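Please open the model in a viewer and keep the selection tool at hand.

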Amino acid sequence: MKSAEAQRVLVTGSTGAIGQPVCQRLQSRGHSVRGFARHPTPGLEDFIVGDLNDRDAVFEAARGMDTIIHLGAFPNAADFIDVLLNPNVIGLHYVCEAAREFGVKRLVLSSSVQAVSGHGFPDRTITVADGPAPVNHYALTKVWAEAAGDMLARCHRISVITVRIGWLPRNLSEARNLAESRIGPDVYFSHEDAARFYERCVESDDPKAGESVILFGTSIPTSLERLELEPARKIIGYVPQNKWPDGLPYSVENLDSD
């Protein structure tokens, strides 16, 4: 056991590109991890197969947990009513209500770099104090998550961390797009660093009960720190180890393949 205290952690979206390495990392640290996704979670004995818009399934998964890491969502821009509403708004609501109902000590919610993309990524660091600037309804659902977390902390004394996740390429095609982007290597978030980040979200003493923070999650920028990293270091002790393209789960040599 490497961490100070083993915790019972629910990870929603546990079969996803971030969810799987996070589950593996937390298990290796001695935590008891429960997965929640629409399919069985590889590598976990404790998982619940369910949908985020199924209140009973979400509540069953959350019962008895110390911490919830909520990664489950539809991850791209899409039609708000037909695609985004159920997983990204209603599902989020059920997760938050379950955290309140069962007295979860810490809730870790997922926002996105897209929540600030309306700032245009000038050649300076975008800070949390700059505020959100969504440009599509997916990003708007993430701003909703940020506000929901703040309300839970203020009204129900839960410790809340909302992570504005950088550009984590879920497949080879997305990695190629990142490599060709002007800002991609600077906002890159490796799978390995994501696992480290969420480990710190679980094990950090801060934020305290009743406090809510928004943190950017990226790896080491290649040329310019476009997203503010100091709050994550200061508050939860996160120190990125990778720089593009380190930390990918596939070979960088394949990026140039047809």
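This is a predicted model: local features need pLDDT of at least 70, side-chain atom pairs count only at pLDDT 80 or more; totals for chains, interfaces and linings use all residues.

Residues are numbered from 1 along each chain as its sequence is written, and side-chain values use heavy atoms, with hydrogens and water left out.

**Stop 1: α1 and α7**

Select helix α1 (residues 19-28) together with helix α7 (residues 191-203). Helices here are DSSP runs of H or I with at least four residues, strands are runs of E with at least two, and both are numbered from the N terminus. The two axes come within 8 Å and cross at roughly 55 degrees. Axes are lines fitted to C-alpha atoms, for helices over the stretch in contact, and angles run from 0 to 180 degrees between N-to-C directions. The crossing of α1 and α7 is right-handed, a term used if the near helix is turned clockwise from the far one by less than a right angle.

Now show the side chains. From α1, Pro21, Val22, Arg25 and Leu26 take part in the contact, and α7 supplies His191, Ala194, Ala195, Arg196, Tyr198, Glu199 and Val202. Contact means heavy atoms within 4.5 Å. By class, this contact has seven nonpolar, one polar and three charged residues. Ala, Val, Leu, Ile, Met, Phe, Trp, Tyr, Cys and Pro count as nonpolar, Asp, Glu, Lys and Arg as charged, and the others, Gly among them, as polar.

**Stop 2: α3 and its two partners**

Select α2 (residues 55-62) with α3, and find an angle of about 40 degrees between helices whose axes lie 9 Å apart. This makes α2 oblique to α3, and α2 passes α3 in a right-handed crossing. Arg55, Val58, Phe59 and Ala62 in α2 meet Tyr94, Val95, Glu97, Ala98 and Glu101 in α3. The contact of α2 with α3 has six nonpolar, no polar and three charged residues.

How are α3 and α4 arranged relative to each other? Their axes are 11 Å apart and the packing angle is about 15 degrees; the two helices are therefore roughly parallel to each other. Their crossing is right-handed. On the α3 side, the contact involves Phe80, Leu84, Asn88, Val89, Leu92, Cys96 and Arg100, and on the α4 side His137, Tyr138, Thr141, Trp144, Ala145, Ala148, Leu152 and His156. These residues divide into 10 nonpolar, four polar and one charged.

**Stop 3: the cavity**

The structure holds one cavity of 30 Å³ or more, and the largest cavity has a volume of about 80 Å³. On a 1 Å grid over the protein atoms alone, a cavity is a set of points where a 1.4 Å probe fits but cannot get out, a pocket is an open set with protein on both sides within 12 Å along at least five of seven lines, and lining residues have an atom within 4 Å of a point. Grid points are joined across faces, edges and corners, and a volume is the space filled by probe spheres set on the points.

To see the lining, select His70, Leu71, Gly72, Ala73, Pro87, Asn88, Leu92, Leu109, Ser110, Thr141, Lys142 and Ala145. The elements giving two or more residues to this lining are α3 (80-101), β5 (106-112) and α4 (137-156). Its classes are six nonpolar, five polar and one charged.

**Stop 4: the largest pocket**

The largest pocket contains about 990 Å³ of space. Of its 35 lining residues, Leu71, Ala73, Phe74, Pro75 and Arg170 are the closest to its centre. β5 gives the most to the lining, with three residues. The lining divides into 15 nonpolar, 15 polar and five charged residues.

**Stop 5: the backbone**

Most residues other than glycine have a negative phi, and most peptide bonds are trans. Select phenylalanine 121, in the loop between β5 and α4; its phi is positive, near 50 degrees. Next, select aspartate 206 and proline 207, which are joined by a cis peptide bond with omega near 0 degrees. Proline 207 lies in the loop between α7 and β7 (212-217). Finish at tryptophan 244 and proline 245, where the peptide bond is cis with omega about 5 degrees. Proline 245 is in the segment after α8 (230-236).

Key: Angles under 35 degrees count as roughly parallel, over 145 as roughly antiparallel, 65 to 115 as roughly perpendicular and the rest as oblique.
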